[in-house]
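Work through the exercises below with the structure open. Each task is followed by a solution in steps.

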Amino acid sequence: MVLALICGSATACNQSTTLQDAVQSVISEYPGATVAVAVRDASSETTLDILSDRSFHAASTMKVPVMIEVWKRVQAEHLVLDSTLEIQNSFHSIVDGSLYSIEEDTDDAIYERLGDRMTISELVYQMITVSSNLATNLLIDFLGAESIQETVDSLDAPGMRVLRGVEDLKAFDLGLSNSTTARALATLMEAISQGQAVNASADTSMIDILLDQQFNEMIPAGLSENTRVAHKTGQITRIHHDAAIIYPHNAPPYVLIILIEGLEDGTDSAALGASITRTVHAALRDGI
């Protein structure tokens, strides 16, 4: 197991060492789990990396770079958020071009609009807040996975690999899946938090959407109700992730990424993630 600590001062390094030990203690209570954790706290110069370069199936965390690519196009005046796409449930596999459709989704409402049109901004909102797979595939088809990956690479987050849309089972069977590392997600979320993913205005708009996330059983569950969390989750069989910018009341924000693999029960993985969150928050913002 590779652990990394980067500290801006002796005090920060001692704090990070203590935090590393505390987080590892929490993880040890779930022997069936492989867990990556990344913390980026500029205010205390604390950086914590536990398995942060280990690649995981990205699940729905790959929807973050899709959102970034949308705002990048808007900023370049190549796209208008009020422009529309037709809602259809038919996509081409990256393996052989054969057609497939979305069979499982967390967004029922969008299917009532098949044949209609939705704005780009509506699709992004559904993709992030309720993790709509259909909205995601429509946007990836429109933007192009290659362009999304180029944007990821330009932000120095190569551990995030966006190859395709969701539920391309032929690609999945060949091991062609979207993947990420905790370091890559930390890089992307930190860029958004600092107004450096696209620009200050665009990144503020992305944060507003991330703050409306509807799946709050992991990182937000480990925090007090007055702590705002701008985040994106991802969950499939034996995979459960959360990538967040945490805004404590009256204190500077920080980034926390938790990637979990190997637990069958989503309740267990959520509990593990919440416990890691409590541990990190107590170390960085004790009493807040």
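**Exercise 1: the second largest pocket**

The second largest pocket holds about 250 Å³ of space. Find which residues lie nearest its centre, and which elements give two or more residues to its lining.

Solution. Step 1: this is a predicted model, and the pocket in question has 17 lining residues. Nearest the centre are Ile94, Ile140, Ala145, Leu163 and Arg164.
Step 1: sorted by class, the lining of the second largest pocket consists of 7 nonpolar, 5 polar and 5 charged residues.

**Exercise 2: the largest pocket**

State the volume of the largest pocket, then describe its lining by residue, element and class.

Solution. Step 1: the space in the largest pocket is about 720 Å³.
Step 1: its lining has 27 residues, and those closest to the centre are Ser60, Asn133, Val166, Gln235 and Ile236.
Step 2: at least two lining residues come from each of helix H6 (169-173) and strand S10 (228-236). S10 provides the largest share, 4 residues.
Step 3: the class count for this lining is 12 polar, 8 charged and 7 nonpolar residues.

**Exercise 3: the overall fold**

Count the helices and strands of the protein, and decide why the protein can be called as compact as a globular protein of its length.

Solution. Step 1: the secondary structure comprises 9 helices and 12 strands.
Step 1: the globule rule gives 19 Å for 288 residues, and the radius of gyration is 18 Å, close to that value, so the protein is as compact as a globular protein of that length.
Step 2: the C-alpha trace extends about 55 × 40 × 35 Å along its principal axes.
Step 3: of the 288 residues, 52% are buried, where buried means under 20% relative accessible area.
Step 4: take the contacts between residues at least 6 apart in sequence; 66% of these join residues at least 24 apart.

**Exercise 4: confidence**

What is the average pLDDT of the protein, and over which residues does pLDDT stay under 50?

Solution. Step 1: the average pLDDT is 94, and 94% of the residues score at least 70.
Step 1: residues 1-6 are where pLDDT stays under 50. For residues 1-6 the model has 20 contacts beyond four places in sequence.

Technical notes
Residues are numbered from 1 along each chain as its sequence is written. This is a predicted model: local features need pLDDT of at least 70, side-chain atom pairs count only at pLDDT 80 or more; totals for chains, interfaces and linings use all residues. Side-chain values use heavy atoms; hydrogens and water are left out. pLDDT is the predictor's confidence in each residue, from 0 to 100. Contact means heavy atoms within 4.5 Å. On a 1 Å grid over the protein atoms alone, a cavity is a set of points where a 1.4 Å probe fits but cannot get out, and a pocket is an open set with protein on both sides within 12 Å along at least five of seven lines; lining residues have an atom within 4 Å of a point. Grid points are joined across faces, edges and corners, and a volume is the space filled by probe spheres set on the points. Ala, Val, Leu, Ile, Met, Phe, Trp, Tyr, Cys and Pro count as nonpolar, Asp, Glu, Lys and Arg as charged, and the others, Gly among them, as polar. The radius of gyration is taken over C-alpha atoms; the globule rule is 2.2 Å times the number of residues to the power 0.38. Buried means under 20% relative accessible area, exposed over 50%, partly exposed in between (1.4 Å probe, protein chains only).
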